[in-house]
Amino acid sequence: MQTDSDIAIVGGGLNGPALALALAGAGFSVTLIDAGPAGARGQAGFDGRAYSLAAASQKLLTVLGVWEQVAESQPILDVVASQGRAGEGASPFFLHFDHAELDDGPMGWMVEDRHLSAALSTVLDATPAIRRINDTAVTGQDIGPAGVALSLSSGTTITARLAVGCDGRRSGVAERAGIHRSGWSYEQTALVCAVTHEHPHQGAAHQFFMPGGPLAILPLPGGHRSSIVWSLPTRDAEALKLLDDAAFLEVLRPAFGDFLGDIALAGGRFSYPLSLSLADHYIRPRLALAGDAAHGVHPLAGQGLNIGLRDVAALAEVLAEAHRRGEDPGTLPVLGRYERWRRFDATALALGMDGMNRLFSNGNPLLAAMRGAGMGMVQALPPLRRAFMREAAGLGGDTPRLLRGLPA
C-alpha cells in the first residue's frame, strides 16, 4: 500500500509532537495532525499550565533536541510533602526529598506550557521527515489490511501504515475504533494560578494535603514566582472562582502559609474539573493510543505528562525495533509489545494516585494519624526514601531508552 507517510499522529498538544520527533529520529516519515492553529500554545503570557517534568522526561527532551530550545525552566531541588488544615500549619510528620541524595542531578524541572510548546514547535519545523497539518480535525478513519486512511475536515484524506491517537481524554481515534473508557469524576476541581512571593523558593516544591484536597506549590523560574494547583471539592472551587482577586488571595493565604512571605497573584486564574479516565485498550489493528488518550489521571503528583512521555518513549522504541527488523509497524504483534509494556504500569500509577487522593483528601483523624506515621517512617529510612525519589524522577523500573538519555 502506498501511503502519505509511515505514521500519522492525531493530536498536536505535547505528547503528539514529542512522539513525532522520536519516530522521525528512528527513520519514519510522520504526519502530525492538529485541530488547533499553529503556534497557539506558545502565546505570550502565563495561561495557568506548567508541568513538573521528571528527570527522565527531561532526558527524553534532550535526546529529541527540544530541551535546548526551552526558553525558561526551573530545577526542582527539594520536594516537601505534609498534611494539615488551612490556617493551622502542617503536622510534625512530613516527607522531605532532597536531590542531593541522588546522583542524577535535580529530581525534575518546572516548565510552563507556553515555553515547552514553543520549543517543540521550533524543532518540528526543523525536521524534514515531519509534515504538520494545523487547523484540521480528523473526521473519520478507515482501517485496511495494510494501512489506515484518515478523513480530514479539509476534505482530504491522509494514509499511513499506523495512526496514533494523542488526542486527549475525549479521543476521537479511540471512539471511532470502539475503544471504551473506564473512570469516574473526583467531584473536585483544580484551581490553577501563579503567585509572586517575598522570599525565594530555592527550587523547592511543596505538596500540602488538606481534607478538601491537596495544594501544590511549584517553583517557577526567577526564584520569586510559583505555580499553584489547588484541588478542592467542586462546590467550594466554584464559590472561589466567583471571588475577585483580592478576596481569593484572602482565602488562599491561610492554606499557602507564610513561609515564603506575602503573596500576590501573577496573571489570571484558571480551573479544570478532575476525573480519572482509562482506555480499556491501547491498541487496535493499525491504531495505538498514547498520553491522555490512553489514561487521564489526577494531578496529585504532577505525573500526567510524565506518564504520557513514558508512552512516547516505549512506543518509539517498540516501533524503532520493528523497523530495524523489517516488521510492519501497524500489526498487532508489534503493537502488542507496546500495550504489554505500558498498560499495566500506567494503570497502576493512575490507580495509585487515585488511592492517595482518597486517603489524603478527608478529615478522618484515624487516617490522619496513619498518614503521619507512614510519612514519618519513610522520612526515617533513607534507602526507602531514595527509592521513592528515584520513582518520582522516572528512573526506576523498566525504563525505555529515550528516558535514559539514549536514542530509541
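Reader: Leaving aside its neighbours within four places in sequence, which residues is His-115 in contact with?
Author: Ground rules first: this is a predicted model in which local features need pLDDT of at least 70, side-chain atom pairs count only at pLDDT 80 or more, and totals for chains, interfaces and linings use all residues. Residues are numbered from 1 along each chain as its sequence is written, while side-chain values use heavy atoms, with hydrogens and water left out. His-115 sits in helix 3 (helices are DSSP runs of H or I, at least four residues, and strands are runs of E, at least two, numbered from the N terminus). Taking contact as heavy atoms within 4.5 Å, and skipping those neighbours, His-115 meets Val-70, Ala-71 and Glu-72.

Reader: Does His-115 count as buried or exposed?
Author: The bands are buried for under 20% relative accessible area, exposed for over 50% and partly exposed in between, using a 1.4 Å probe on protein chains only. His-115 comes out at 14% relative accessibility, so the label is buried.

Reader: Zooming out, what share of the 408 residues in the protein chain is buried?
Author: The chain holds 10 helices and 20 strands. Among its contacts between residues at least 6 apart in sequence, 74% join residues at least 24 apart. As for burial, the share of the 408 residues is 52%.

Reader: Which residues touch the most other members of the largest nonpolar core?
Author: A nonpolar core here is a set of buried Ala, Val, Leu, Ile, Met, Phe, Trp, Tyr and Cys residues joined through side-chain atoms within 4.5 Å. The largest one has 96 members, and those touching the most others are Ile-9 and Leu-116.

Reader: About how much space lies in the largest cavity?
Author: A cavity is a set of points, on a 1 Å grid over the protein atoms alone, where a 1.4 Å probe fits but cannot get out, and lining residues have an atom within 4 Å of a point. Grid points join across faces, edges and corners, and volume is the space filled by probe spheres set on them. There is one cavity of 30 Å³ or more. Its space is about 30 Å³.

Reader: Which helices each supply at least two residues of that cavity's lining?
Author: The helices with at least two lining residues each are helix 3 (113-125) and helix 7 (304-325).

Reader: What is the C-alpha to C-alpha distance between Leu-309 and Leu-402?
Author: Leu-309 lies in helix 7 and is buried, with a relative accessible area of 3%. Beyond its neighbours within four places, Leu-309 is in contact with Asn-15, Ala-18, Leu-53, Ser-57, Leu-60 and Leu-403. Leu-402 is 93 residues away in sequence, yet the distance from Leu-309 is 9.5 Å.

Reader: How many of the 11 residues of helix 1 are buried?
Author: The buried set runs from Asn-15 to Ala-24, with Ala-18 among them. These residues pack against strand 1 (5-10), strand 2 (30-33), helix 3, strand 8 (130-133), strand 11 (157-165) and helix 7. Helix 1 (residues 15-25) is largely enclosed by the rest of the structure, because the number buried is 10.

Reader: Where is Gln-202, the non-glycine with a positive phi of about 55°?
Author: At 64% relative accessibility, Gln-202 counts as exposed. It lies in the loop between strand 12 (181-197) and strand 13 (204-210).

Methods: On a 1 Å grid over the protein atoms alone, a cavity is a set of points where a 1.4 Å probe fits but cannot get out, and a pocket is an open set with protein on both sides within 12 Å along at least five of seven lines; lining residues have an atom within 4 Å of a point.
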